[in-house]
Amino acid sequence: MEKVITVKIAGPAGTGIKSAGLLLAQVLNESGYYLKDYSEYPSLVRGGHNTYQVSFSVNEVYCVHKMVDIFVSLAKNHWQEHEKEFTKNTLVFADSDGKTDIPLREMCGQLGGSIYTNTITLGLISYLLDLNKELAKSILKKHFGDDSININAFEAGYLWGENNCQKIATDKGGNKEKKIILDGNEAVGWGLYKADLDMFVAYPMTPATGLLHFLAKNQDEFKLKVIHPEDEIAVASIASGASMAGARAAVGTSGGGFALMTETISLDAMAGLGVVYYLSQRPGPATGMPTWTAQGDLLFAVHSGHGEFPKIVLAPGDWNEAYEFGKLSLNLANKFDIPVILLSDKNLSESSTNIKDFTSDKAEIVASNKVIPGKRDKIKLYNSYEHDEEGFSIEGAEESKKMADLRLKKSKEILKEMPKVNLFGNDKAKKLIVSWGSTKGAILETLREMKNREDFAFLQIRGMWPIDPKVSQIINAFSEKILVENNATGQLEALLKSQMTVEFTKRILKYDGRPFFPEELKEALND
Amino acid sequence: MTNWRSGVIPTWCPGCEDFIIYAGLQNTLAKLNMDQDKTVIVYDIGCIGNMADFVKAWGIHSLHGRSVPTGVGIKLANPELNVIVIGGDGGVYGEGLSHLIAAARLNIDITVIVANNQLYSLTTGQSSPTTPKGSKTKSTPKGVESVPVVPLELIKAVNPEALAQHVSCLEPLKVAEAMEKAIKHQGFDLLDLDQLCVSFGKQLR
Ligand SMILES: Cc1ncc(C[n+]2csc(CCOP(=O)(O)OP(=O)(O)O)c2C)c(N)n1
Ligand code: SF4
Ligand SMILES: [Mg+2]
C-alpha cells in the first residue's frame with residue numbers, strides 16, 4: 001500500500017503558519033497527491049501555539065494522521081509539546097532548540113526581515129519531499145508576486161535542505177484530474193451558491209466565520225447579498241424576513257449564536273418560511289473553546305425552537321457532502337418552507353482537502369411554492385400566531401389542531417427526501433461502527449489502515465432529523481455495535497433510542513476539543 | 001379604491017387609541033394610493049401588533065421585539081417593496097431596541113410606527129422602557145426605577161439624517177399627516193405615537 005506522509009509546522013500565531021501550510025497544500029495538489037489538512041490554534045491573534053498539518057498520499061487519504069514524518073518549528077519551545085507525535089523516523093527541525101538545527105532567524109536576517117521563516121520552511125519541506133521546485137516557485141509567485149523576497153526565502157530553505165539533509169522516500173505520479181482545495185466552510189458556500197442563494201446573513205463566530213468571509217468576498221460574482229447585522233437575533237430575523245419576501249436565505253453561526261436564533265427557528269416553522277441555519281459546532285457550554293472541535297450540539301439542533309414542528313437537520317461527513325448538503329439544505333428549506341439546520345464542526349469547517357473541481361457544475365433548484373409580495377400572488381399574512389390558511393390568527397380547538405396536524409404531516413414527505421445512510425466496509429462483518437458528521441474521515445482512514453478491516457462495517461448517519469426508524473434494522477443486523485462520537489454523552493445514541501430500539505455494545509467518545517486521529521481510533525476499536 | 005381592511009373586526013378595548021392609529025394608516029395608505037401588492041406591513045407582538053389581522057395587505061406578524069429586523073430583511077431582499085413596521089413601545093424600545101438603533105444607523109428605507117402607551121398592555125400592564133420614572137405598574141408596585149427612553153433623541157443621536165417624529169393620538173389628523181410624511185420619506189424614519197391604553201394606562205396621561 002502507498003504510504004501516507006504527514007508534515008506539521010508549528011509556531012506562534014502571526015508567523016504565517018496557515019498560509020505556508022495552504023501553499024504547501026497547493027504544491028501537493030498540483031503534484032497529483034490526495035491531501036487532508038488540519039490546523040490547531042488558540043483563540044488569539046498573536047502569540048500562542050499554532051500548528052498546521054497535512055497528510056497526503058498518491059491514493060485517497062481520508063483525514064490527517066497524528067504521527068508526523070516531518071516536523072518544523074518556526075520558533076523555540078514548540079516541538080516539545082509534540083513529542084508524542086514523533087516516531088523514531090520523524091525529522092524534527094527547530095532553530096537552536098535541541099533538534100536538527102535550522103538557523104531560521106539567521107537566514108531571515110540575511111534576507112532582510114523576520115517574516116520569512118514560513119517560506120524558508122516551505123523550501124526545506126519541498127526539498128525533503130522531492131517536490132518540483134519550479135512548480136512550487138510558480139505557486140509562490142502567484143501568491144506573493146514575481147519579485148517577492150519570499151521567492152529567495154524559498155530558495156534559501158531548499159538549498160539549506162540540499163546541503164544538510166536527505167530527501168525522504170515518497171510515492172510519485174498519482175492523480176492528474178484537476179482538483180480544487182477548499183475547506184468545509186467553502187464547500188458549504190459553494191453548495192449554497194449553486195442552489196441559488198440570494199442572501200447570506202451572519203454574525204462572526206468561529207468556526208463558522210469562514211463561510212461569512214467566503215461569501216462576502218464572492219458576493220458580486222455569486223450575485224448575492226451578504227449582511228452582517230447587530231447580533232444573531234437580527235441575523236435570523238433578517239433572513240426570515242428575506243424569505244418572506246421571496247429570497248433564498250441562509251445564516252451561519254456556532255452554538256452560542258445559534259442559541260440566540262432558536263426563537264426564529266420556531267417562527268419559521270409556524271409562519272412557513274424556509275431558512276438554512278449553518279451551525280458549525282465547537283466545544284461548549286457557553287463560550288467554550290472557540291477554535292476547537294466537538295459534536296456536542298446534535299440534540300440542541302434537533303430540539304431547537306419552542307413548540308412541536310418539523311425541521312430538518314443534515315450532517316455532512318466530508319467536503320463533498322458539505323457541498324452536496326449545502327445545495328440540498330437550501331432546496332429542502334424552500335420545498336417545505338421550514339427551517340433546515342446544516343450541522344458541521346470545526347474539524348470539517350476549517351480543515352481542507354483537494355476535491356474534484358465542481359465549480360462549473362449546474363445544480364437542480366427547487367423553488368418554494370409560497371406566495372410572495374410583488375408578484376401579484378394572492379395576499380397573505382405570515383403569522384407567528386397559530387393561523388388559518390390565509391394567515392389570520394385562530395384559537396379554536398378544532399381549527400388549531402387541524403393546522404398543527406397540517407404542519408406535522410410534512411414529516412412523512414420530508415423523510416423521503418432525506419439523505420440515506422452510508423454503509424461502508426464489510427456488511428457481513430461482526431462489528432458495526434455507527435457515527436455521524438466529521439468523524440467519517442477518521443473512521444474511513446482507520447479502516448483503510450487496519451489489517452483487520454474485514455472485521456468491521458461502518459454506518460454513517462447523514463439525515464439526523466427527521467430520522468428514519470428503519471436505521472435500527474441495519475444496526476441490529478450486526479452483533480457488535482460500536483458508537484463513535486466527538487462528544488461526552490453519546491448524543492447520537494440518545495437520538496436513536498428516542499425513535500427506535502438499538503443497543504450499543506461499546507462507546508468510543510472523545511470530548512477534548514480534538515478530532516479523532518486514525519492511530520487512536522485503531523487502538524480503541526481493537527481494544 | 002383599494003380596500004385595506006381584512007374584514008376581521010378589531011379586538012381592541014373600546015376607546016383604545018390603537019383605533020386612531022388603525023384609521024390613520026387606512027386613510028394614509030388609501031390617500032397615497034399605495035400599490036397593495038408592493039406594500040408589506042410587519043407587526044410586532046402586543047396590542048398594537050394585533051392590527052395584523054385587521055389589515056388587508058401583505059404582512060408578517062413576527063416575534064416580540066423582532067419586527068424591525070424582519071422588516072429590514074424584507075426590504076433588503078426586495079427594495080421595491082414599501083415596508084412599514086408597526087409595534088409597541090415594549091417591543092420596539094425594549095426587547096428590540098438594538099435593532100431599532102441598527103436600522104436607523106443603516107438608514108434603510110423603512111417606516112417604523114410605534115404605538116407608545118408607556119406600557120406592556122397585551123400582558124396586562126407592566127412597565128415599559130418609556131414608562132415615566134416613579135410610575136406604579138403591575139410589575140413595579142413600588143414605582144419604576146429607571147429613567148425612560150426618549151425615542152426621538154435616541155434616533156437623532158445615532159443618525160441625524162433619519163426622520164423622527166412624535167405625535168399624540170389626541171390629534172388624529174396630525175397622526176395621519178405624520179404617517180404620510182413618514183411613508184414618503186426616503187431612508188429610515190420613526191413615528192412615535194403617544195397612545196392611551198384605556199384599560200391599564202389612564203394614570204399615565
Ligand atoms: C419573547 C417574548 N417575550 C414576551 C412576550 C409576551 N409579550 C407579549 S406582548 C408583550 C408586551 C407588549 O408591549 P408593547 O410592545 O408595548 O405593546 P402593547 O401591548 O403595549 O401595544 C409581551 C411582553 C412575547 N410574546 N414574546
Ligand atoms: S389593553 Fe390597552 S392598549 Fe391594549 S387594547 Fe386595551 S386599551 Fe388598547
Ligand atoms: Mg405598549
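**Figure 1. Aromatic pairs in the predicted model.** A search of the whole structure finds 20 aromatic pairs over all chains. Rings of Phe, Tyr and Trp (its six-membered ring) pair if their centres lie within 6.5 Å; planes under 30 degrees apart count as stacked, over 60 as edge-to-face and the rest as tilted. F71(A) and F86(A) form an edge-to-face pair, because their ring centres are 5.1 Å apart and their planes stand at 65°. This pair links distant parts of the chain: F71(A) is in strand β4 (residues 68–73) of chain A, F86(A) is in strand β5 (residues 86–94) of chain A, and 15 residues separate them. Helices (H or I, at least four residues) and strands (E, at least two) are DSSP runs, numbered from the N terminus. Both F71(A) and F86(A) are buried. Buried means under 20% relative accessible area, exposed means over 50%, and partly exposed lies in between (1.4 Å probe, protein chains only).

This is a predicted model, in which local features need pLDDT of at least 70 and side-chain atom pairs count only at pLDDT 80 or more, while totals for chains, interfaces and linings use all residues. Residues are numbered from 1 along each chain as its sequence is written, chains are lettered from A and ligands numbered from 1 in the order in which they are written, and side-chain values use heavy atoms, with hydrogens and water left out.

Figure 2. W12(B) and F19(B) form an edge-to-face aromatic pair. Their centres are 5.3 Å apart, with 85° between the planes. W12(B) has 8% relative accessibility, so it counts as buried. F19(B) has 31% relative accessibility, so it counts as partly exposed. In chain A, ring pairs join W190(A), Y193(A), F214(A), F222(A), Y323(A) and F358(A) into a cluster.

**Figure 3. Lysines over aromatic rings in chain A.** A charge sits over a ring if NZ of Lys or CZ of Arg is within 6 Å of the ring centre and within 35 degrees of the ring normal. The charged end of K99(A) sits over the ring of W79(A), 4.7 Å from its centre. K380(A) lies over the face of Y382(A), at 4.7 Å from the ring centre.

**Figure 4. The surroundings of ligand 1.** Ligand 1 is surrounded by 16 residues. The closest are C47(B), D89(B), G90(B), G91(B) and L122(B). A residue is near a molecule or strand if one of its heavy atoms lies within 4 Å of it. By class, the shell holds 6 nonpolar, 8 polar and 2 charged residues. Ala, Val, Leu, Ile, Met, Phe, Trp, Tyr, Cys and Pro count as nonpolar, Asp, Glu, Lys and Arg as charged, and the others, Gly among them, as polar. α3 (89–95) and β5 (119–120) of chain B each supply at least two shell residues. The largest share, 4 residues, comes from α3(B).

**Figure 5. Polar atoms around ligand 1.** A polar side-chain atom of D89(B) lies 2.8 Å from an oxygen atom of ligand 1. A backbone N or O atom of L122(B) lies 3.0 Å from an oxygen atom of the ligand. A polar backbone atom of S121(B) is 3.1 Å from an oxygen atom of ligand 1. The protein covers 76% of the 580 Å² of accessible area that ligand 1 has on its own. Accessible areas come from the Shrake-Rupley method with a 1.4 Å probe; for residues, only the protein chains shown count as cover.

**Figure 6. Ligand 2 and S121(B).** The residues around ligand 2 are W12(B), C13(B), C16(B), C47(B), N117(B), S121(B), Q195(B), C197(B), V198(B), S199(B) and F200(B). By class, this shell has 7 nonpolar, 4 polar and no charged residues. S121(B) is found in the loop between β5 and β6 (126–127) of chain B. At 8% relative accessibility, S121(B) counts as buried. A polar contact of 3.1 Å joins the side chains of S121(B) and N117(B). A polar contact is a pair of N or O atoms within 3.5 Å; within protein, one must be able to donate a hydrogen and the other to accept it, and residues adjacent in sequence count only if both atoms are side-chain atoms.

**Figure 7. Backbone exceptions in loops.** Most residues other than glycine have a negative phi, and most peptide bonds are trans. The peptide bond from T206(A) to P207(A) is cis, with omega near 5°. P207(A) is found in the loop between β8 (199–202) and α7 (209–217) of chain A. A cis peptide bond also joins G284(A) and P285(A), with omega about -5°. A286(A) is not a glycine, yet has a positive phi of about 55°. A286(A) is exposed, with a relative accessible area of 75%.
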